[in-house]
Amino acid sequence: MSFASVDASPDVRIAVINKEEQSLPSFTTTVQALFINESLYNDQVYLSYHVIDDENNMLLFEGERVPLKNIDNNLYYAEMNVNLGNISVNKNHLKVSFDLIDEKNAFWFSRNPKVSISSDYIEYRTGNSPKFGFHILKVIDLNKKILLLAISLVGLAAILFLRKFNRVKSCLERMIKTRLGKVICFSLFFCTMWTLYTLIAINIPLHSDAVSGYISGLDFAKGNILLRDWAFNTGFLYTTEVPWNAIISLFVHDMALGTYLGFGLLYAVIVTISMYVAGKNDTGFSFVRAFLVFSLCGIPSVIQIHNTLNVTAHLGGLAYMIIVFILVQNRKLWWATVLMIITFVGDDFSFYVAGIPLLLACIFKWKDKYFRKVVILTSVSYLMSRILLFLIESMGVIVDGSLRIGNKFVAPDALIGNVGRTIISLLELFGANFLDQYFFKVDTFVALLHLIGVFAVGYAMLKVAKKYKDLDIINLTLFISIVFIVLILILTPFGEYKGSSRYMSLVVFYGSILLARWMPLDSLRKFLLSRGVKEKSIIFSKMFIMYLCIIYSATYFAGMTNFNLKIIDTPQRQVASFLVQNNLHKGLADYWSGNIVTVYSNDKVKVRSIYEAGGNIYPFKYISKREWFEDSFDFILIDKATNPLNEETIIKKFGTPSEKLISGNYLIYKYNTPIHVPNIDTIYNS
């Protein structure tokens, strides 16, 4: 589950996510490929694998070839199905090593002397016995078709022969209706999902934005309540994500684990709230509608994990605004106003994609006096948030910028590109990207099933658009919000930004809620009854579908979660350990390395972010604290994989290093004489 550690930087690193040991002859694993030398990648590079024994004898030279999918910049991934059942050699211990093949230029990366490749491998042991909890879930991989058929048959038998089903159902409903029952059910579900999402998150490398947010939460918990001396951009997150990170940091003293727990917490929060607002209705609670939401956004795709679960920026604000919609619907306007002020102070992105749609939805219902009040108080909420933000800034906090959509529409030649990127982003986030997949594969079948969900959301949007006058305020606001963010990404230069797909996660959550709330279940039931279908058959069908969804959920979480509780080993984590071992404690690096190395070292090494511009070096002030840069430093990290810092400029500004060290793809300039960050006043006074 780690990037391999090497002394010199390879051209390509291949990392196995989650499953480094196997005892099953057929399994699926997620593999990441980091192209440090970006020139080696083209659209005809495929991932494959070799199988060798203990004596390095090649038992299978080539497994299945799988295309790579882009995650971010030069990082790609693929879902690889490994089948060892056809290997006739009787071996108890095999190794599965991964390799890349360039079909365009006709060479294997590992066989090309001009290419350096570092790859993890999976150990296969027939007698391997993992930890008990992990073993129970891994068994699901054992001949999935037979196992799922057996479980399904058992479920069918239970449903068919449970003659007192209605009595059991009514008993459960009575329990859930009690306050204690609600608390127990909610707590069990929420804590379970928090745990599962955290165990998924620790398989993924930390993201610098999220890590920086956790560090600000840590400072908040230490007493800097107003975050004085900090600077932020495109999201203060002061009242949305930061407080939750602060609370976690009080109980968890490992910064990396605390960051991952924050990821899991916020994702569990928005999934739980989304399920609640979808299932809640005037007559009670619909578990079918709630489960529909869970099936679409509670089981995140790989891209959703990287872009949303492991970044979480703005998730807090989006979750708060769902609660605002509920409060407005229930006519608890003053509570809604207070929560809007809190949300808009921390995250004005939420105002653009949820506050403005709420205003527009209420304008559509202008004839109702109540919704005229909502328009006024929503506007007042935003104004009050700006006043509070001004007061906070006057106390020593810098907050620059917001959602940077630009001040013009996109150029005509870029419009088609924005449309394409938006469509692909939606398919990826919903786990429905069937493009460039082989026809007869389980992953393709699953993607096509998810595609049905995407079409269902689109169909619900069309139906909602036709009856917008009759919609309740929640459905109307969700509809406008989805249309709003899609138009922003298509019609403005913001959509050209490669990382903008993370903002599309709003469509996954809000679209799932809208579909579930719109779904005409009662009308469908009456239609089936009118056609002679018995009530018991409808109940059975509903239970059977939910049962299959539960089985799918179980297989998903068994495959994606890391019950070994082992955080993924990344180049940043490796260099953090290297710096501690070499007694280096204060240094400088680019933004995409600095705070991540700090967190992985658990603050034993403090690495501050700088950037290069016009042949000069400046402090990277955003999501940073000014006093950090006023310290002295004894090393500089240079990431040779991306080269954000020019070595000539570094030597020109800081002098020749006393020593050069190498850890993985990092070059470390060590200085015996303390060095200082230049241009601090220039940046902070501008």
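What covers the buried residues of helix H5? The cover includes strand S13 (230-233), helix H6 (242-251), helix H7 (255-279), helix H21 (591-600), strand S20 (624-625) and helix H22 (626-629), where contact means heavy atoms within 4.5 Å. This is a predicted model, in which local features need pLDDT of at least 70, side-chain atom pairs count only at pLDDT 80 or more, and totals for chains, interfaces and linings use all residues. Residues are numbered from 1 along each chain as its sequence is written, and side-chain values use heavy atoms, with hydrogens and water left out. Helices (H or I, at least four residues) and strands (E, at least two) are DSSP runs, numbered from the N terminus.

**Helix H5**

- H5 spans residues 208-221, and its 14 residues reach 20 Å from first C-alpha to last, close to the 20 Å expected at 1.5 Å a residue (1.5 Å times one less than the number of residues).
- Of the 14 residues in H5, 12 are buried (under 20% relative accessible area with a 1.4 Å probe, protein chains only; exposed is over 50%, partly exposed in between).
- Among the buried residues of H5 are Val-211, Tyr-214, Ile-215, Leu-218, Asp-219 and Phe-220.

**Aromatic pairs**

- There are 29 aromatic pairs in the structure (rings of Phe, Tyr and Trp, the last by its six-membered ring, with centres within 6.5 Å; planes under 30 degrees apart count as stacked, over 60 as edge-to-face and the rest as tilted).
- One of them joins Phe-291 and Phe-294 in a tilted arrangement, 6.0 Å centre to centre with 45° between the planes.
- Phe-291 and Phe-294 are separated by about one helical turn because they are 3 residues apart in helix H8 (residues 287-298); both are buried.
- Phe-325 and Tyr-510 pair edge-to-face, at 6.1 Å between centres and 65° between planes.
- Phe-325 belongs to helix H10 (residues 315-329) and Tyr-510 to helix H17 (residues 505-518), so their pair ties together parts 185 residues apart in sequence.
- Phe-325 counts as buried at 2% relative accessibility, and Tyr-510 is buried with a relative accessible area of 0%.
- One aromatic cluster is formed by Tyr-591, Trp-592, Tyr-611, Tyr-618, Phe-620 and Tyr-622.

**Arg-331 over aromatic rings**

- Arg-331 lies over the face of Tyr-370, 4.1 Å from the ring centre (the criterion is NZ of Lys or CZ of Arg within 6 Å of the ring centre and within 35 degrees of the ring normal).
- The charged end of Arg-331 also sits over the ring of Phe-371, at 5.7 Å from its centre.
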